[in-house]
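The sequence and structure come first.

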Amino acid sequence: MSQDIEHVKCLIIGSGPAGYTAAIYASRADLKPVMYTGMLAGGQLTQTTDVENFPGYPDGIMGPEMMEDFRKQAERLGTDIRFGYVSSVDFSSLPHKVVVDESKTILADTVIISTGASAKWLGLESEQKYSGFGVSACAVCDGFFFKGQDVAIVGAGDTAAEEATYLAKLARKVYMIVRRDEFRASKAMVHRVLNTPNIEILYNTDTIEILGDGQSVNAVKVCNNVTNETSVLDVTGFFVAIGHKPNTDIFRGVIHMDETGYIITRPGSTETNIEGVFCCGDAQDHIYRQAVTAAGTGCMAAIDAERYLAAKEHVVTA
């Protein structure tokens, strides 16, 4: 084989809790996994601050530090971790062909997809400035830090409604910013929001700017898009709940996905519709989207890959 072609037993595409956990299990199963981290090594957790809901860290831990721990463990057990991105795939025959950085070809007996998902943002400069310092895209992850405080959440779908009611249990007051004159959420979720006394709904409202002192959020400027009247909400937390986009575009038309791009796996498994290709973490989970559930499916993917290879070897030698 030429220098630009390499054959591996197990290729892991993407890092983060799912990818690193898959790498740990695959290494221990002697699959000699090769991981390509993607352009954001460590995934979404590298863009968060305190993580207090992952077991094993009694005092909490910073997201980037936690992902560094995951990386070190995977590397210590034998994972070949490489920085790079997958530019194309061909899953039409075995072994699977994956091109990295538009130059190197990997032939993989098994592929574990752990490319994750990215939160959709409003696109405000101040939103990125205070990301992790009062601005969050996960109420379940970060709502705890705003106990007894006033917060705002933007969104109108089921996720926004669910996160608003979750925040209402912790915060003193929740402003729910809805850009239109109605919700997109189901009637049941809307009913739940309307019957939560400390949620105030601001219909026909756009977020103009998130305000702060340079260190943390202390207000958000909004505008009624019917009257053009602006106002300032005194809040210490700002949550964005306008959806997530799975990082699966490169697999579109190759692997079965739902209408929003989440890869479909067989129930109770990480198997995709392609033999020898498995998917774990947020690339296939649009419900929970937590580090601990991603890690759990990463474990499943490595075990599924190991069992798949063992079954194939048994058939060959039988």
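## A salt bridge at Glu6

Which side chain meets that of Lys104 in a salt bridge, and at what N to O distance? The model is predicted, and in it the partner of Lys104 is Glu6, at 3.4 Å from N to O. Glu6 belongs to strand S1 and Lys104 to strand S8 (residues 104-113), so this contact ties together parts of the chain that are 98 residues apart in sequence.

Glu6 also forms a salt bridge with Arg82, where the closest N and O atoms are 2.9 Å apart. This second pair again links distant parts of the chain: Glu6 sits in strand S1 (residues 5-13) and Arg82 in strand S5 (residues 80-82), 76 residues away. Arg82 counts as buried because its relative accessibility is 18%, under the cut-off of 20%. Glu6, with a relative accessible area of 21%, is partly exposed. A network of salt bridges links Glu6, Arg82 and Lys104 together with Asp80.

## Overall fold

The protein chain contains seven helices and 19 strands. Its C-alpha atoms fill a box of roughly 70 × 40 × 35 Å along the principal axes.

The whole structure holds 12 salt bridges. One of them joins the side chains of Lys173 and Glu200, at 2.6 Å from N to O. Lys173 lies in strand S12 and Glu200 in strand S13 (residues 199-202), so the bridge ties together parts that are 27 residues apart in sequence.

Are the two partners buried, partly exposed or exposed? Lys173 counts as partly exposed, at 26% relative accessibility. Glu200 is partly exposed as well, with a relative accessible area of 30%.

## Positive patch on the surface

Which residues gather in a patch of positive charge on the surface? The patch consists of Lys120, Arg179, Arg180 and Arg184. Within this group, Arg180 is found in the loop between strand S12 (173-177) and helix H6 (187-194). Its relative accessible area is 43%, so Arg180 counts as partly exposed.

## Backbone features

Most residues other than glycine have a negative phi, and most peptide bonds are trans.

Pro95 is placed in the loop between strand S6 (86-90) and strand S7 (96-100).

Lys32 is located in the loop that runs between helix H1 (17-28) and strand S2 (34-36). Glu102 lies in the loop between S7 and S8. Lys32 is exposed, at a relative accessible area of 54%, and Glu102 is exposed too, at 62%.

Note on methods. Residues are numbered from 1 along each chain as its sequence is written. This is a predicted model: local features need pLDDT of at least 70, side-chain atom pairs count only at pLDDT 80 or more; totals for chains, interfaces and linings use all residues. Side-chain values use heavy atoms; hydrogens and water are left out. Patches are made of residues with over 30% relative accessible area and no salt bridge: like charges are joined within 9 Å, nonpolar side chains (Val, Leu, Ile, Met, Phe, Trp, Tyr) within 5 Å. Accessible areas come from the Shrake-Rupley method with a 1.4 Å probe; for residues, only the protein chains shown count as cover. A salt bridge is a side-chain nitrogen of Lys or Arg within 4 Å of a carboxyl oxygen of Asp or Glu. Lys and Arg count as positive and Asp and Glu as negative; His and the chain ends are not counted. The place of a charge is taken as NZ of Lys, CZ of Arg, CG of Asp or CD of Glu. Helices (H or I, at least four residues) and strands (E, at least two) are DSSP runs, numbered from the N terminus. Buried means under 20% relative accessible area, exposed over 50%, partly exposed in between (1.4 Å probe, protein chains only).
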